Amino acid sequence: MPADKDVDSKRMRRAIELARSARPSPNPPVGAVVLDREGVVVGEALHHRAGSEHAEVAALALAGEQARGGTLYVTLEPCNHEGKTPPCVDAVLKSGVKRVVLGCIDPNPHVTGGGAKRLREAGIEVEIGVLAAEARALVTPWSKHITSNLPYVSLKLALSLDGRIATRTGLSKWVTGPEARAKVQQLRAQHDAVAVGIGTAIADDPRLTVRDAALLGFASPPVRIVFDTRLRLPLRARIVETARAVPTWLCCGVDAPNEEERALKAAGCEVLRLPMTAEGRVDVGAALLELGARGVVSVFFEGGAELAGSLLAARLADELHAFVAPKLLGPRGRPGAVDWAGPERPGEAPSIFQPRWEVCGQDAYVHGPIRFPEKED
């Protein structure tokens, strides 16, 4: 069947749409569509969970013999190595498709190009780069993790028009409205872990759960993480009381009290002792390395101001999600959303690259990848 760029874009767009519903972490989200030799869709699938059939294998299985002589569209290059499942390339070769269209090449430094090369060597026509930017965006967190061993870091801020996160009495529920909070629930569900600082954990007593199970799809609930240098988290905190139901990790300093550690462990929490900074806080960079080593591909940081400041000062944040409420909390409101020294010049300030603006109820929502300029001379 001759190539048609409009058809290729349409079918790849559908594969990307499927992939956006996938939650297979620590594997990348992938979607696939199969056309028969007449150009009719005969199979489509996504990679539901780690250890299950990959998207292209599942789509080809649905297509069966109708795939022979047809075209396979897949957002990410099929794997050519043995993992929890056999190489996807084997299934593609066995299916009898004549053409394979890829969104992007596998960024894994150990396998780059292996799948496409083997398909071509077998005589299959392979086209790479259809809707490449969208396909690469799907696997951005996984790509960072597989190449650096660090999780992808998303930072959320909820603030007033004058940049405050709480009133002068310390109340922060709620600065933003219900639509913004619903969006935060969606964002939590898209990450492997949700993290807050101990100040936020004590002041707000959050559950940090995804309350709508449908948002998780086939995924497990995100791990809840509290950065708690001295293990001050109370045993009565809701996050501790539910620690046996939802994985809960506490990142503390190397010299945190042993008695508190024993009590929190007995309640179901896992305690990670980590190096500390000169300021006496948990080293966020060291914490991210530890989380990455534990298979955490992406982390959603929700607060507070000190933790957000540490991430920005160390240039560790990859993406920003800011919700701005049309309210004024006044100069005596609690410190701003980010507690850090900040840049010397406006041109040195981190900013969202190609920001996307939306309206969430009465609130403004801006999000996108963070860029950190070099310091000006």
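Strand 1 (residues 31-35) and strand 2 run antiparallel and are joined by five bridges; strands here are DSSP runs of E with at least two residues, helices are runs of H or I with at least four, and both are numbered from the N terminus. Two strands count as paired if DSSP finds at least two bridges between them. This is a predicted model, in which local features need pLDDT of at least 70, side-chain atom pairs count only at pLDDT 80 or more, and totals for chains, interfaces and linings use all residues. Residues are numbered from 1 along each chain as its sequence is written, and side-chain values use heavy atoms, with hydrogens and water left out.

- The open sheet has five strands in the order 2-1-3-4-5, with mixed pairing.
- Strand 2 (41-46) and strand 5 (125-128) are at the edges with a single partner strand each, so one side of each has no neighbour in the sheet.
- From one strand to the next, the twist averages 15°, taken between axes that are lines fitted to C-alpha atoms, with angles running from 0 to 180 degrees between N-to-C directions.
- Strand 3 (residues 71-76) and strand 4 (residues 99-104) run parallel, joined by five bridges, and T71 stands opposite R99.

**Strand 12 and its partners**

- Strand 12 (residues 319-325) is largely enclosed by the rest of the structure, because six of its seven residues are buried (under 20% relative accessible area, with a 1.4 Å probe and protein chains only).
- Strand 6 runs parallel to strand 12, with seven bridges joining them; A158 has F323 as its bridge partner.
- Strand 15 pairs with strand 12 in the antiparallel sense over six bridges, and A364 is the bridge partner of V324.

**Helix 13**

- The buried residues of helix 13 are A305, L307, A308, G309, L311 and L312.
- Among the elements that cover these buried residues are strand 6, strand 7 and strand 15 (363-371), where contact means heavy atoms within 4.5 Å.

Technical notes: Buried means under 20% relative accessible area, exposed over 50%, partly exposed in between (1.4 Å probe, protein chains only).
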